[in-house]
Amino acid sequence: MRRPAGAEIPVAALTGGGLRDWLFAKRDRLLSRPAFQRWALRFLPTRAIARRRARELFDLCAGFVYSQTLLACVQLGLLEKLRDGPQSLEALARDLRLPRDALRALVRAAAALQLVRLPGGDQCALGALGAALLGNPALFAMIAHHQLLYRDLEDPLALLRAKGTSRLAQYWAYAGATRAQEIPAPRVRDYTALMSTSQALIGQQILDAYPLDRHRCLLDVGGGDGTFALLAAERVRRLRVICFDLPAVAQCARARFASSRFVDRASVMQGNFLSDPLPSGPDVISLVRVLHDHDDPAALTILRAARAALSPDGVVLIAEPLSGTRGGERAADAYFGWYLFAMGTGMPRTAARLTELLVEAGFKAPKLHATAVPMNVRVLTARIAPQQSAGYCVNVD
Ligand SMILES: C[S@@+](CC[C@H](N)C(=O)[O-])C[C@H]1O[C@@H](n2cnc3c(N)ncnc32)[C@H](O)[C@@H]1O
C-alpha cells in the first residue's frame, strides 16, 4: 500500500531498527516533502546543497539526452573536425551537411556538456571533455556500440522481465551458448574488434598495477585477439605469452601474433574454458574482463581450470570493474550491472565476492592492486593455495 506523502513512518517498520536506519528514515521523510524542498532552497546555509541535489536529480532524468548528444557528435565526426582549432558554424554546417539551425542546437547542447566551446563570433572550438575524448579513441568505439544497449534499455521493464533476449545477448555470441567452441567467425568479429580497441582504456593500467616482470609465462585466458598479451610482451622483455580463446577468436589472435614483433614468444591456444583444460605450466594466468561475463558456477569452473593449469608458484590475475568501488558505483553497478544483465549472463562482483570464489577454487591471499582509474578496471591477484585455506583480501589500493 502506498504511504501518503509526508505520513509518519513508524519506527517499528524500519529495517534493522538501528539508530542509523531511523535517522535515514527521518531524513528521507523530510527530503520527500515539497515544503521542505522549498524551504531548503530559500534557507541560505542549505541552498547550495538543495540546488546540487536538484541538478543531480535533473541529470538522472535527462542522462539519455546527454548520451545521445555525445552520439551525434561522434557520428558526425564533429570533435575531429575541431582537433586543429576552432571553426565557424557556417563552415561546419557545410562540411557536416546539416542545416544551420540544427547544427546550432547540437553545438549548444554539446557546449553545455563541455564537449565543445562556443567562444563567440560564430566560432566553435573543442571543449575540455571533447578534447579529453579525442585522446581516448577507444571511447568512440564504445559510444557507437552503445546504440545496442540504448535500444535494449528503451523498455527497461521488458528487459528486466525477459533476461537474455536482448540485442546485446545476440551480439555477445558466447553469452548463454551451450557449445561456444562452435561459434563461427562472423559472429565473433565485431565483439573481438571492440574488445581489442577498448583495451586502450585498461591494458596499460593493469600492467602498471601488477607489473609482470617477475613472471616467465603469461596465459591470457579469454584473451580475445591477443591485444593484452601483446602489451604484456612489449612491457616485459623475456615474458612468453599465450592467448587462449574460442577457436573463431583464436584465429584473429594467430593473425595478429604472426605479424607482430613477438612471433617467437607469443602463441595461441584454442578451446572452451568451460569444458577444456587450460594449457598447463604458466606462472601467471590473466582473466581480463572475463569473470564478470559469467554466473558463479561458470566463474568457478574457470578459476578451477586456472588453478589446475598454473605452476606451483603461480598467480591468477583478475582485471575488471568491481562493484563496491568508491567513486565507481555508477560504472560498476549502474552501467555494467545493466550491461551484463542485458547480455544475459554474469554480473559485476565485489572484491569480497571474488575472494570467496578464489578461495573456493583453491587460491589464497588475494590482493587488490591500485589502478589509475578504478572505475574502469581493478586488479586482484591470488596465489595457489597448497590446501584450502581461509581467504582474506589484502587491499594494497
Ligand atoms: C569480454 S571479452 C574480453 C576479451 C579480452 N580479455 C579483453 O579484455 O579485451 C571475453 C572473451 O572471452 C572469450 N570467451 C567467452 N567464452 C569463452 C569460452 N567458453 N571459452 C574460451 N573463451 C571464451 C570471448 O571469446 C572473449 O574473447
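Which backbone oxygen does the side chain of H215 reach? The legends below concern a predicted model, and the opening view takes up this question.

View A. The side chain of H215 reaches the backbone oxygen of D283, at 3.3 Å. H215 belongs to the loop that runs between α12 (203–209) and β4 (217–221). With a relative accessibility of 5%, H215 counts as buried, because the cut-off for that class is under 20%. Leaving aside neighbours within four places in sequence, the residues in contact with H215 are Y210, L239, D283, V284 and V315.

**View B. The largest nonpolar core and V241.** This core holds 54 residues, and the members touching the most others are W172, Y174, Y191, I206, L212, L218 and V241. Helix α13, spanning residues 227–235, gives the most to this core and supplies six residues. For V241, residues up to four places away in sequence are not counted; it then touches L218, A229, A232, A233, R265, A266 and S267.

**View C. The crossing of helices α15 and α17.** Helix α15 covers residues 296–309 and helix α17 covers residues 351–360. Their axes come within 9 Å and cross at roughly 50°. The two helices are therefore oblique to each other, and their crossing is right-handed. On the α15 side, the contact is made by D296, A299, L300, L303 and R304. On the α17 side, R353, L357, L358 and E360 take part.

**View D. R97, a residue other than glycine with a positive phi.** The phi value of R97 is near 55°. R97 is found in the loop that links α5 (89–96) and α6 (100–112). Is R97 buried or exposed? Its relative accessible area is 75%, so R97 is exposed.

**View E. D122, a residue other than glycine with a positive phi.** The phi value of D122 is near 65°. D122 lies in the loop between the strands β2 (116–120) and β3 (123–126). The relative accessibility of D122 is 28%, so this residue counts as partly exposed.

Notes:
Residues numbered from 1 in each chain as written. Predicted model: local features only at pLDDT ≥ 70, side-chain atom pairs only at ≥ 80, totals over all residues. Heavy atoms only, no water. Core = buried A, V, L, I, M, F, W, Y, C linked by side-chain atoms within 4.5 Å. Buried < 20%, exposed > 50% of the residue type's maximum accessible area, 1.4 Å probe, protein only. Helix = DSSP H or I, 4+ residues; strand = E, 2+ residues; numbered from the N terminus. Contact = heavy atoms within 4.5 Å. Polar contact = N/O pair within 3.5 Å; in protein donor to acceptor, adjacent residues only side chain to side chain. Axes fitted to C-alpha atoms, helices over the stretch in contact; angles between N-to-C directions. Parallel < 35°, antiparallel > 145°, perpendicular 65-115°, else oblique. Left-handed = near helix turned anticlockwise from the far one by under 90°.
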